[in-house]
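Visitor: I have not seen this structure before. Could you show me how to read a few of its features?

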Amino acid sequence: MRINIIGKVVISLTILIVSSSPFVSKAFNDGDLINDHGTIYTIEFGAKRAFTSLKIFKSLGYQLKNVKSGDTSSLSKASNISSALTRHPRGTIVNDHGTLYFMGRDYRYGYASEAVYFSWNSNYKIVVSINAADLQVPVGPLSEMNPNASSTSQSTAQKNQNQQTNSTPAANNSVSLDPTSLASNNIFVINDDGTLIKGDAVDDATVAKKFYTLYPSRTDYDFLNIFTTSHGSASVEHHNIINNGVTGVGGPQTVSDGQLPSQLKGINVLNDTYSDKNVNPSQISNDLYLISHETGHQWLAYIGVAEGISDGVHYTKWFDSSFVRNGQIWGDTMGGFAWKDNGNGTLSVLPMQKQAFSPLSLYLMGFLPVSSVPDLKLVIPANSQDDGYQDVKGTLKTIAISQLISTYGVRNPSYQSSQKNFKMAYILVVKSGETASQYQEYLKNINTITQDFPIEWNSITNGVSTIVK
Ligand SMILES: [Zn+2]
């Protein structure tokens, strides 16, 4: 936790910098095998693909000992793996008579040596036998040494395995984006002058001040999204509230000290989450979750700490934040689960199809009238330390929104007068000496985000809120 150094804190003792949820898809690497409530998935391009049977899982050579338990509710679902005759997904390492290949999207990449293999991977247990479909995938160039690996830093090596590229110098990379012409798309490139990246982490307050120094007329942004071309281990994606005069949502009220424009509400620090030049475009769409989540922290999820609804930053595990949309069970972008009363004194979570803002969140954001918020459901576990998700002993308690309002006050401004349209800047902070051609891929991904995010935001706010150009 850091203290907001831009805004003057009116109500103190509140977390102003809120890190991203534990359910961020960045936590998963392609090739990971995850057991989520009995379904085994592999991760590919940041989305999850379910094995339709254990038989198919095993026929593809995978072993249960390499499966980790995890919560994949934040991940989009990609197609199921329903045949053992298909090629292994991206991220699997296959063995062809002693030669190991990393399965990429378009190619399989051999390892030049054992040292190269162990710069990316921690063991051989994850290797599976190559199959006939894999053999149809052409062999690409040899995988190079992971530049970030060291013999003592296996976790770094694993993290960076995500960056192992399967890209080729494809024709569609030939279109180049001119940084100076991107301002009309609300994209800005700022060179680090030595003050913007401190240690491992980008200094968002300094970046914001630099931005308004360089672009003094661009004071109409509600949110600044800050991206980088590198990701320090100490840098966590987070949201920083700059101006927030909203009452009745349980969160902090802050006002700017005048060093930043009054229009600016908050800053999302997103690091290289999207700008990673090796991220597949489909993964960018999946990861739009994070920008929604961090923006949500402008208002959420602060209400109901005493009641057990929030832990002060996110909805708790015990809060049923689920709702039905398009005939499916969806969960809230800010946490919580879909809980089902089993009718025998126990409760279990149900799988959720997608995350968006629930009616409670939409009310707290000023996007729905309070009359649209149904009664809230909260699990009261027999054992509050229970870390289970299935057949948890406990009861389901109902809390009316009127009860919360009597404690925390009515949301003000009201739904009728609240702001619903927001303007965002997308700022790429590049390292001193980095050239336009070096950060071209990052810019292209950010350009994709500027096109995709407004659609995503409008969808997850149920069509009420808009990101304007
Ligand atoms: Zn968060």
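Guide: Start with one term. A nonpolar core is a set of buried Ala, Val, Leu, Ile, Met, Phe, Trp, Tyr and Cys residues joined through C-beta atoms within 7 Å. Keep in mind that this is a predicted model.

Visitor: How many residues does the largest nonpolar core have, and which have the most contacts inside it?

Guide: The largest nonpolar core holds 77 residues. Those with the most contacts inside it are Leu224, Ile226, Ile427, Leu428 and Val429. Domain 1 (7-23 + 174-299 + 418-468) and domain 4 (315-364 + 368-408) each supply at least three residues to this core.

Visitor: Which residues does Leu224 touch?

Guide: Leave out residues up to four places away in sequence. Leu224 then touches Ala208, Phe211, Leu264, Ile267, Ala425 and Ile427. Another core, of 13 residues, lies apart from the largest one. Leu33, Ala47, Tyr62 and Ile81 are among its members.

Visitor: Let us turn to sheets. What is the strand order in the open sheet of 4 strands?

Guide: The order is β5-β4-β3-β6, and the pairing is mixed. The edge strands are β5 (47-50) and β6 (68-69), and each pairs on one side only. As a general idea, side chains in a regular strand alternate between the two faces of the sheet.

Visitor: Do β3 and β4 pair in the parallel or the antiparallel sense, and over how many bridges?

Guide: Strand β3 (residues 33-36) pairs with strand β4 (residues 39-44) in the antiparallel sense, over 4 bridges. Asp36 has Thr39 in β4 as its bridge partner. Ile34 has Tyr41 in β4. The two strands form a hairpin with 2 residues between them. In that turn, His37 has a positive phi of about 55°.

Visitor: How many bridges join β3 to β6?

Guide: There are 2 bridges, and β3 and β6 run parallel. Opposite Asn35 stands Ser69 in β6.

Terms used:
Residues numbered from 1 in each chain as written. Predicted model: local features only at pLDDT ≥ 70, side-chain atom pairs only at ≥ 80, totals over all residues. Pairing = 2+ DSSP bridges. Buried ≥ 20, exposed ≤ 12 C-beta atoms within 10 Å, placed from the backbone. Domains from an automatic or database assignment. Contact = placed C-beta atoms within 7 Å.
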